[in-house]
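Dear colleague,

I am handing over the structure below, together with some notes on what was found in it. Please read the notes with the structure open beside them.

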Amino acid sequence: MNSKISTVSYDFLLFFKMIKGYEAVYMNRKHIIYIMNFILFALSSAILLTIVCKPLFYWQISAVDTQQLIGLTQTQVMKNYDQLIDYLLFPWINTLIMSDIPTSAQGAFHFMEVKNLFLLNQIVFIFTLIIFVMGLKKIHKTQSFWQYVTPLRLLSYIPLLLTIIFVSSFNYWFVAFHHMFFNNDAWLFNPATDPIINVLPESFFMLCFIVVVAIVQSWFLIGYLYMKRKTRQLVDKRVLLSANQ
């Protein structure tokens, strides 16, 4: 019996499940909300993970002469970068203070705006994480895994497409991003007054973008493979039960 069923294609089993009325679930508003929430969860978690991944910056400066760029050793630069990231991430740190790198009023204002965006991202992450956990429990309860296979499969193609589009003309999108999220030109740093910019080149932000996209891609693939596996298990189980009746 098992060998006979194993020869039936997975697509036919899925179709059999649907036309027989097993778990007659349609893509309603709740399913769409779960998908949209998963997208926001994947994006916010990817941004947060990239921000806290300080070794990404350490690796980027390991190949440059920081003494020539900014007049500091790599160890000093890493220490000041840690102070900058701590300020951007933690709401209880109200003032940006880097031990060895001065910051102008314009630079401090821009970093304050960036801090607000990072804090907003953390709020989105926590909120979507809660909905994600609740939604996953609901999906298990209703056994509606198959409803998410195709959407997640389609979503898994988007990060790769975005990478090709954005990396090929990253400078354009980098500038467009700043015009979209900041209504001023405080992000245009003067190296003489804000030397931190010398160790934060555009190539570093492109690297961060690639890491974010890679993490989002991983989330979509994990979600797709998980839902596909659970659907296959569910369909096989119910076809077996039907065949034994």
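How many helices and how many strands does the secondary structure of the protein chain come to? The count is 11 helices and 0 strands, and please keep in mind throughout that this is a predicted model. Read along the sequence, the chain accordingly shows the pattern α-α-α-α-α-α-α-α-α-α-α.

Of the 245 residues in the protein chain, 38% are buried, and the chain exposes about 14,300 Å², of which carbon and sulfur atoms supply 68%.

On the α6 side the contact is made by Leu84, Tyr87, Leu88 and Leu89, which meet Phe111, Met112, Val114, Lys115, Phe118, Leu119 and Gln122 in α7. Sorted by class, the residues of this contact between α6 and α7 comprise 9 nonpolar, 1 polar and 1 charged.

The other partner of α7 described here is helix α3, residues 29–52, whose axis lies 8 Å from that of α7, the two packing at an angle of about 135°. Roughly antiparallel would call for an angle over 145 degrees, and α3 and α7 are therefore oblique to each other. Their crossing is left-handed. From α3, the residues that take part are Lys30, Tyr34, Asn37, Phe38, Leu40, Phe41, Ser44, Ser45, Ile47, Leu48 and Ile51, while those that α7 brings to the contact include Phe118, Gln122, Phe125, Leu129, Phe132 and Ile139. The contact of α3 with α7 has, by class, 14 nonpolar, 7 polar and 2 charged residues. Phe118 and Gln122 of α7 are listed in the contact with α6 and also in the contact with α3.

Two residues in the loop between α7 and α8 deserve a separate look. Gln143, which lies in that loop, has a positive phi of about 55° although it is not a glycine, and with a relative accessible area of 24% Gln143 is partly exposed. Although Ser144 and His31 are 113 residues apart along the chain, their C-alpha atoms are separated by 9.4 Å.

Further along, Leu155 belongs to helix α8 and, at 11% relative accessibility, counts as buried. Leaving aside residues up to four places away in sequence, Leu155 touches Ile35, Ile39 and Phe220. Leu155 and Gln217 are 62 residues apart in sequence, yet from C-alpha to C-alpha they are 8.4 Å apart in space.

Finally, Ala63 is placed in the loop between α4 (55–61) and α5 (66–70). With 72% relative accessibility Ala63 counts as exposed, since the cut-off for that class is over 50%. The C-alpha atoms of Ala63 and Gln74, which are 11 residues apart along the chain, are separated by 10.0 Å.

Definitions and conventions. Residues are numbered from 1 along each chain as its sequence is written. This is a predicted model: local features need pLDDT of at least 70, side-chain atom pairs count only at pLDDT 80 or more; totals for chains, interfaces and linings use all residues. Side-chain values use heavy atoms; hydrogens and water are left out. Contact means heavy atoms within 4.5 Å. Helices (H or I, at least four residues) and strands (E, at least two) are DSSP runs, numbered from the N terminus. Ala, Val, Leu, Ile, Met, Phe, Trp, Tyr, Cys and Pro count as nonpolar, Asp, Glu, Lys and Arg as charged, and the others, Gly among them, as polar. Axes are lines fitted to C-alpha atoms, for helices over the stretch in contact, and angles run from 0 to 180 degrees between N-to-C directions. Angles under 35 degrees count as roughly parallel, over 145 as roughly antiparallel, 65 to 115 as roughly perpendicular and the rest as oblique. A crossing is left-handed if the near helix is turned anticlockwise from the far one by less than a right angle, and right-handed if clockwise. Buried means under 20% relative accessible area, exposed over 50%, partly exposed in between (1.4 Å probe, protein chains only). Accessible areas come from the Shrake-Rupley method with a 1.4 Å probe; for residues, only the protein chains shown count as cover.
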